[in-house]
Amino acid sequence: MDNILLVFSLCLLLGAVVGFFAGLLGIGGGLIIVPALIYLLPRIGIESSQLTHVAIATSLASIIMTSFSSAIAHHRHGNIPWELFKPMLPGIVVGALASAFISEQIAANVLQQAFSIFVTVMAIQMAFPLKPKAVAKVPSFKLMFIVSMLIAVVAGLMGIGGGVLLVPFLCYCGLQMRQAVGFASVTGFLIAIAGTAGYVIAGLNATDLPTWTVGYIYIPALVGIIITSMLIAPLGVKAASIWPTPILKKIFAVLLMVIGLKLALSA
């Protein structure tokens with residue numbers, strides 16, 4: 001029980017950090033949550049050969065509430081092009097559900113290596129943002145389905161909402177940035193819901209999981225992260241209007257590169 005309380009307390013702090021940086025820099029929490037849990041849990045006695053899967057699943061579950069509140073705010077501001085759901089929703093749901101079962105077939109150390117590469121690529125994107133040239137029209141239904149499914153699979157495997165992948169694609173399709181971000185907030189919510197369901201089902205028969213898990217999701221960490229990230233995120237948003245955000249993004253990108261390298265070496 002002492003370990004559970006310690007996990008909960010540390011994840012309250014982790015949630016505050018995640019919420020603040022999410023509000024300040026507009027980044028997904030999974031880029032912080034996954035490596036933090038991989039690092040923290042073994043050091044406080046939470047051991048498991050499935051630790052990487054647990055960290056990714058818990059991160060994905062934590063995105064449900066944060067992406068929901070973000071989607072509501074974007075809807076109120078008219079930033080969500082709902083007509084895009086017809087071609088993209090099926091792919092998002094299929095891809096997010098499939099990600100958990102794909103993840104189950106990947107060894108924990110391989111999955112950690114893949115995440116370290118992903119974090120490094122995202123750090124480069126943050127330091128040198130990709131600005132794709134918009135095309136004249138939205139691609140075909142078939143292409144939108146395939147792209148949305150692939151994005152959802154990657155997002156589910158990495159424990160993120162997928163906005164870092166979806167926003168550049170939507171901008172390429174001709175959407176304004178505010179619409180792309182608004183739509184990504186809703187798809188992040190759907191990816192989190194479907195992906196979490198997949199990780200719960202996939203983990204029901206998994207062995208060597210910590211106590212207090214539901215499927216692959218570690219409940220004490222999840223609750224701690226959600227509580228403070230929801231409370232602190234608005235402070236990050238306020239700070240973004242005062243602090244030098246572009247400079248901070250580059251500093252944070254360097255930090256992510258260090259995290260990616262450390263994860264790669266420790267896998």
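A: The largest cavity is lined by Met 88, Ile 92, Ser 148, Ile 151, Leu 166, Thr 187 and Ile 191. Two or more of those lining residues come from each of α4 (85-104), α6 (141-158) and α8. Bear in mind that this is a predicted model, where local features need pLDDT of at least 70, side-chain atom pairs count only at pLDDT 80 or more, and totals for chains, interfaces and linings use all residues. Residues are numbered from 1 along each chain as its sequence is written, and side-chain values use heavy atoms, with hydrogens and water left out.

On a 1 Å grid over the protein atoms alone, a cavity is a set of points where a 1.4 Å probe fits but cannot get out, a pocket is an open set with protein on both sides within 12 Å along at least five of seven lines, and lining residues have an atom within 4 Å of a point. The helices are DSSP runs of H or I with at least four residues, numbered from the N terminus.

Now for the open spaces. The largest pocket holds about 1600 Å³. It has 50 lining residues, with Ala 22, Leu 25, Gly 26, Ile 27 and Gly 28 closest to the centre. Helices that give two or more residues to this lining include α3 (51-76), α8 (177-202) and α9 (219-240). By class, the lining of the largest pocket has 28 nonpolar, 19 polar and 3 charged residues.

The second largest pocket holds about 580 Å³. Of its 26 lining residues, Pro 35, Ala 36, Ile 38, Tyr 39 and Leu 263 sit closest to the centre. At least two lining residues come from each of α1, α2, α3, α5 and α10, and the lining has 19 nonpolar, 5 polar and 2 charged residues.

Next, how α3 packs. The axes of α3 and α9 come within 9 Å and cross at roughly 25 degrees (axes are lines fitted to C-alpha atoms, for helices over the stretch in contact, and angles run from 0 to 180 degrees between N-to-C directions). α3 and α9 are therefore roughly parallel (under 35 degrees; over 145 is roughly antiparallel, 65 to 115 roughly perpendicular and the rest oblique). On the α3 side, Ala 61 and Met 65 are among the residues making the contact, and on the α9 side Ile 225 and Ser 229 are among them (contact means heavy atoms within 4.5 Å).

α3 also packs on α5 at about 50 degrees, with axes 8 Å apart, which makes α3 oblique to α5. Here Thr 52, His 53 and Ile 56 of α3 meet Ala 108, Leu 111 and Gln 112 of α5, a set of 3 nonpolar, 3 polar and no charged residues.

Note on methods: Grid points are joined across faces, edges and corners, and a volume is the space filled by probe spheres set on the points. Ala, Val, Leu, Ile, Met, Phe, Trp, Tyr, Cys and Pro count as nonpolar, Asp, Glu, Lys and Arg as charged, and the others, Gly among them, as polar.
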